[in-house]
Every structure is written in C-alpha cells, then in structure tokens.
Amino acid sequence: MDVQHRINKAGIVAAVLAGGLALPAHGATVARELPSKNTVADVIKASKPSDWRALDPDNTLYMEVPGGRVVIELAPTFAPQHAVNIKMLARENYFDGLAIIRSQDNWVVQWGDPDEKNPRPMKTAKATLPAEFTVPMKNDSRFTRLPDRDGYARQVGHSNGFPSARDPKTGQAWLAHCYGMVGVGRDNGADSGGGSSLYVVIGHAPRHLDRNITVVGRVIAGMPLLSTLPRGPAPMGFYEKKEQHVPIASFKVAADVPEAERTKWEVMRTDSAAYKAAVEAQRNRGGPWTKVAAGHIDLCNAPIPVREQQ
C-alpha cells in the first residue's frame, strides 16, 4: 500500500467516525432496482389500427438495389417543389441505371449520376430549384411537440411521422437530420440542388446540417441495404472505380407500380397516444436490465415505429 493510499484511507475513516460519510454495508446494492415498465414492443403490441397510417402511394418511392427494395416516404409539407421534381425524375426513369456513388462512414450514403462531366439529361424535371430549407410554421399542421430540451432548436417533435423542429420567434419549421432521413445533394449555392442527387443519413445525426440542406423525406424500410454498404475509399466516402458503384435497377413512385407488387407499410401516427407511450418507454426505460432511467430523449432517438401489413 503506497503512502497516498494510506492517507486517503485514513481520511475516509476519520470522516466516517466524525459522521461525515456513510459507507454502504458489504454487498449492499447502491442503486435501487427500477420497476418494470412497458417497452416499445409492448406499446406496438397493444396499439389499435387507428394508431397507424398507411403510406400514401403517391408520396412513396421504391428504389430497387441488388439487395432488395428501399422504401422512401416523401414529405411534401416541408419540400413541396422538390417532392414534385423527384417524382418527375422517377417518372422519366432518370435514376434507373444510375448508382449509389458514395458511402461515408458515420455520415451518408449518396446516389445519383456518377458522370459529372457528361451527366444524364433530364426531360421534364428541373436540374435546380430554390432551396426549401425551412417552411412557415403555419404550413405544418401536424406537429406534436416533445417536452425534452434540444440544442439545435427551440422546439422539436414530430410532424406526421417525420422528426421536425421549429422556432416560434422566426415562425419557421424544418425537418431534422436524423438517421434514415433523405436530403438533396447540392454545391455551395443554396439553390444548386434539385433532387437528382440524393443522400440518406447512416450515422450519428448531423443536426448541424439542419436548415442548410433541403430534407425531402425518410427511409421507411430497407436501411440495412444502405447502411451496410462498403465504405468508399476516396475522400468523403466516394467510390473510386466504376465497379464499386452499387447499381440502381429502378426508382419508381409507388402509385405507378401495380398494386400487387407494392409493399404495404404503415407508420405509427406521431400524434397518437400510442406514440406518446412509445416515446415514454424510451425516455424512462424500466428494469431489471436498466439501472438508471435517462429521464430524457433526444429527437433523433425517439422511435417512429413502422410495420408491414400482412
């Protein structure tokens, strides 16, 4: 035993004798066991059909890649012009035969035209659009606020199934860069994107991008097909060689796909009591495994359950 250890031990003993400290008895449990509580799975199991909404086929996209189908729900409330333009691109088969060109670890997966020198021409769609970084709060009538504090916005919550934020002082609302959210690639100019280059967040939520990029929707199903792709070796995760590109077989609006070939997904309504219970199940998890309840939930960690209709 070294001198410093003897001094510390002696100090503790003296404090105990003086009544200043209470040492736990040998083998005593320091933390009280938390009571068992419902989990998100329990909430989903107990939910009613009215707690769910089906995807609108006209605002749902199917991207077919070698591993299967990626389902994307557009958010026209927040990016109306881009949503229309992306559907135009899909309907003129712009993305068919193009590729996933970038996979950056803990950041994004991006797809579009790999040939910047000779890009694929567009037919009816526009190459660029005015930025839709924010919208007036009055446009978003489906906002359900979370009571938890946030470092990036005055208010956060969910708008019809999308993580969103708002600032009552400016009267603006916007979608948040959470895992699975889909945004529009652009150059330095705010108005330099149009939807021909898209990305999905695959890492820790880069919330500093909020209000700097147009966010158009969220991946509902198929995230493992994107998040597990090999990381690109070039700077920012771009693939260096053509053979590294992941081909896009097709990119379609669900409404244009025969009904028998559609996948029918539902999203839990984020204005429902069931969703409030699902958030609470994550904010304050019960025992026996959890030893300390967080008492807080981050916007991008609040679950938005989805399920496929059988």
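Two strands are taken to pair where DSSP finds at least two bridges between them. Helices (H or I, at least four residues) and strands (E, at least two) are DSSP runs, numbered from the N terminus. The structure is a predicted model, in which local features need pLDDT of at least 70 and side-chain atom pairs count only at pLDDT 80 or more, while totals for chains, interfaces and linings use all residues. Residues are numbered from 1 along each chain as its sequence is written, and side-chain values use heavy atoms, with hydrogens and water left out.

An open sheet of five strands runs in the order β6-β10-β9-β8-β7, with antiparallel pairing. Its edge strands are β6 (135-136) and β7 (143-145), each of which pairs on one side only. Within this sheet, strand β8 (residues 155-159) and strand β9 (residues 162-167) are joined in the antiparallel sense by five bridges. His158 stands opposite Pro163 in β9.

Another open sheet has three strands in the order β1-β16-β17, and the pairing is again antiparallel. Here β1 (52-54) and β17 (306-308) stand at the edges, each with a single partner strand, so one side of each is left without a neighbour in the sheet. From one strand to the next the twist averages 30 degrees, where axes are lines fitted to C-alpha atoms (for helices over the stretch in contact) and angles run from 0 to 180 degrees between N-to-C directions. Strand β16 (residues 265-268) pairs with β17 in the antiparallel sense over three bridges. The bridge partner of Trp265 in β17 is Glu308. The loop between α5 (273-283) and β17 contains Pro288, and the peptide bond from Gly287 to Pro288 is cis, with omega near 5 degrees.

Strands β4 and β5 pair in the antiparallel sense over four bridges. In this pairing, Arg102 has Gln110 in β5 as its bridge partner. The two strands form a hairpin with four residues between them. Asn106, in the loop between β4 and β5, has a positive phi of about 60 degrees although it is not a glycine. With a relative accessible area of 45%, Asn106 is partly exposed; buried means under 20% relative accessible area, exposed over 50%, and partly exposed in between (1.4 Å probe, protein chains only). β4 is also joined to strand β14 (residues 246-247) by two bridges, the strands running antiparallel. Ala99 stands opposite Pro247 in β14. β4 is mostly covered, five of its five residues being buried. The loop between α3 (80-91) and β4 holds Asn93. Asn93 likewise has a positive phi of about 60 degrees without being a glycine, and at 38% relative accessibility Asn93 counts as partly exposed.

Pockets were located on a 1 Å grid over the protein atoms alone. A cavity is a set of points where a 1.4 Å probe fits but cannot get out, whereas a pocket is an open set with protein on both sides within 12 Å along at least five of seven lines; lining residues have an atom within 4 Å of a point. Grid points are joined across faces, edges and corners, and a volume is the space filled by probe spheres set on the points.

The largest pocket has a volume of about 900 Å³. Its lining consists of 36 residues, of which Gln110, Gly185, Arg186, Asp187 and Ser197 lie nearest the centre. The elements that give two or more residues to this lining are β4 (99-103) and β5 (108-112). β5 gives the most, with three residues. Gln110, among the residues nearest the centre of the largest pocket, is also the bridge partner of Arg102. By class, the lining of the largest pocket has 14 nonpolar, twelve polar and ten charged residues. In this scheme Ala, Val, Leu, Ile, Met, Phe, Trp, Tyr, Cys and Pro count as nonpolar, Asp, Glu, Lys and Arg as charged, and the others, Gly among them, as polar.

The second largest pocket holds about 330 Å³ of space. It is lined by 18 residues, and those closest to its centre are Tyr179, Arg218, Val219, Ala302 and Ile304. Strand β13 (residues 215-221) gives the most to this lining, with four residues. The lining of the second largest pocket divides into 14 nonpolar residues, three polar and one charged.
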